[in-house]
Amino acid sequence: MVSDDITVESPTYIHEEEEIDYREENILLKVKMAEMKNELMRYKIPPLLVAEVIDTYPENKALVRLKNGNEFYVNVDAYLDGKLKASDEILVEQKSLTVIQKLGKKKHFDVSKYVIVERPNIRWNQIGGLKDEIEELKEVIELPLKKPELFKKIGIEPPKGILLYGPPGTGKTLLAKAAATSGNATFIEIVGSELVQKFIGQGAKLVKSIFEMAREKSPTIIFIDEIDSIAATRMDVGTSGEREVQRTFMQLLAEIDGFEPLGNVKIIAATNRIDIIDTAITRPGRFDRLVYVPTPDHAGIVEILKIHTKKMKLSAEVNLDKLAKKMKDMSGAEIRAVCVEAGYFAIRDDRFIVTAKDFSKAVAKIAVEETEKKKDLTYMG
Ligand SMILES: Nc1ncnc2c1ncn2[C@@H]1O[C@H](COP(=O)(O)OP(=O)(O)OP(=O)(O)O)[C@@H](O)[C@H]1O
Ligand SMILES: [Mg+2]
């Protein structure tokens with residue numbers, strides 16, 4: 001039997017246990033303190049800069065480039081000796097720019113996330129007017145892609161690329177896509193302004209990767225829209241933004257120079273601003289064909305109307321020739337917009353058949369919208 005007095009603990013025993021408790025708590029607190037000091041230290045350490053190795057030299061030296069484009073000759077931490085090579089991504093200390101750490105192998109830049117890659121399905125006969133322009137694209141882009149041996153036999157080198165220029169909405173993108181369809185080629189589309197705005201500091205790298213991808217997926221047509229935003233003549237390259245555009249442009253020229261005219265990668269560029277294009281881009285061996293894409297003449301308007309009304313049910317009195325006369329100076333894009341609007345007027349009236357009146361209302365509407373847009377643009381400019 002357990003008697004009551006045994007369960008009464010001796011006072012000395014209680015005292016000892018308390019002391020052990022305190023000691024444990026003390027240790028715990030000390031550990032906690034150390035942790036917090038560590039944490040605090042980490043907040044105090046200045047961040048390391050991300051940079052890229054340009055070249056390495058003996059005795060732990062390297063040439064590195066910061067993201068802003070500036071280059072420095074710096075020391076390399078001894079334990080990294082012999083482990084660095086050009087184009088490695090690294091961390092450098094802020095003040096001395098000593099290379100402290102090598103970042104993991106940079107993943108291959110996945111360009112497919114940033115550019116449009118497709119196999120377009122636009123046929124030549126979906127383009128109204130532009131007979132000569134289509135001929136030119138067939139000769140310069142389609143034929144060399146399809147029959148390179150022909151050029152070898154005759155002993156000439158076709159142009160590497162073509163530069164389409166002209167007012168907006170006249171079918172430049174359409175022409176490039178049709179060339180890709182008929183040449184059975186992958187179509188990689190990049191937009192110049194996006195290249196320099198969205199990918200600050202990455203433009204040149206992106207251009208490089210795009211050409212790499214083009215070779216992998218060949219035959220390929222690389223379509224560079226708004227090329228003026230990277231290839232405009234510049235008076236000076238003062239700001240870092242301008243330098244960045246300049247680097248992207250230089251990379252583009254290097255890539256164009258680097259590939260064979262008879263290889264199966266072709267480039268088509270487009271611009272509304274031929275007046276500001278740097279002549280470096282039109283030098284022989286680069287874009288040595290310039291093709292003007294005009295707004296359609298009367299016959300062209302009729303053809304474009306035919307294309308865009310093909311699937312519409314028109315009432316018998318609709319005369320496309322007469323209609324075209326009211327649409328002088330409209331671009332292909334505007335002509336298509338007229339057809340869509342005419343269709344809407346019919347829908348609002350619960351009809352399936354589109355009448356001449358629907359078209360005249362649509363022409364008036366688009367004409368007004370376009371002048372409004374132009375007014376806005378002049379205000380903005
Ligand atoms: N010649 C044409 N024949 C048939 N449709 C055309 C023609 N031109 C333009 N279009 C219509 O207008 C749309 C826009 O044309 P597109 O994108 O090719 O113009 P763009 O010249 O590239 O214009 P931007 O300079 O603004 O980029 C086309 O998708 C097409 O529906
Ligand atoms: Mg376009």
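Biologist: How do α10 and α12 lie relative to each other?
Modeller: They're oblique to each other, as their axes cross at roughly 45°. Oblique is what's left after under 35 degrees (roughly parallel), over 145 (roughly antiparallel) and 65 to 115 (roughly perpendicular). This is a predicted model: local features need pLDDT of at least 70, side-chain atom pairs count only at pLDDT 80 or more, and totals for chains, interfaces and linings use all residues. Residues count from 1 along each chain as its sequence is written, while chains are lettered from A and ligands numbered from 1 in the order written.

Biologist: Within how many Å do the axes of α10 and α12 come?
Modeller: Within 9 Å, with α10 covering residues 298-309 and α12 covering 332-348. The axes are fitted to C-alpha atoms over the stretch in contact, with angles from 0 to 180 degrees between N-to-C directions. Helices are DSSP runs (H or I, at least four residues), and strands are too (E, at least two), numbered from the N terminus.

Biologist: Which residues of α10 and α12 meet?
Modeller: From α10 you get Ile301, Ile304, Leu305, His308 and Thr309, and they meet Gly332, Ile335, Arg336 and Cys339 of α12. Contact means C-beta atoms, placed from the backbone, within 7 Å. By class, that contact has five nonpolar, three polar and one charged residues.

Biologist: OK, ligand 1. Which residues are closest?
Modeller: Pro168, Gly171, Lys172, Thr173 and Gly332, out of 18 that surround ligand 1 (C-beta within 6 Å). Gly332 is also among the α12 residues that meet α10.

Biologist: And which elements give two or more residues to the shell around ligand 1?
Modeller: α5 (172-182), α10 and α12.

Biologist: How do the shell residues divide?
Modeller: Around ligand 1 there are eight nonpolar, eight polar and two charged.

Biologist: Since α5 came up, within how many Å do the axes of α3 and α5 come?
Modeller: Within 10 Å, crossing at roughly 45°, where α3 is residues 131-146. That makes α3 and α5 oblique to each other as well. On the α3 side the contact uses Glu133, Ile134, Leu137, Ile141 and Glu142, and on the α5 side Leu175, Ala179 and Ser182. Those divide into five nonpolar, one polar and two charged.

Biologist: Switching to the backbone: which residues does a cis peptide bond join?
Modeller: Ser218 and Pro219, with omega about 0°. Pro219 sits in the loop between α7 (203-216) and β9 (220-225).

Biologist: Which residue has a positive phi although it is not a glycine?
Modeller: Asn60, at about 55°. You'll find Asn60 in the loop between β1 (49-57) and β2 (61-66).

Technical notes
Contact = placed C-beta atoms within 7 Å. Nonpolar A, V, L, I, M, F, W, Y, C, P; charged D, E, K, R; others polar.
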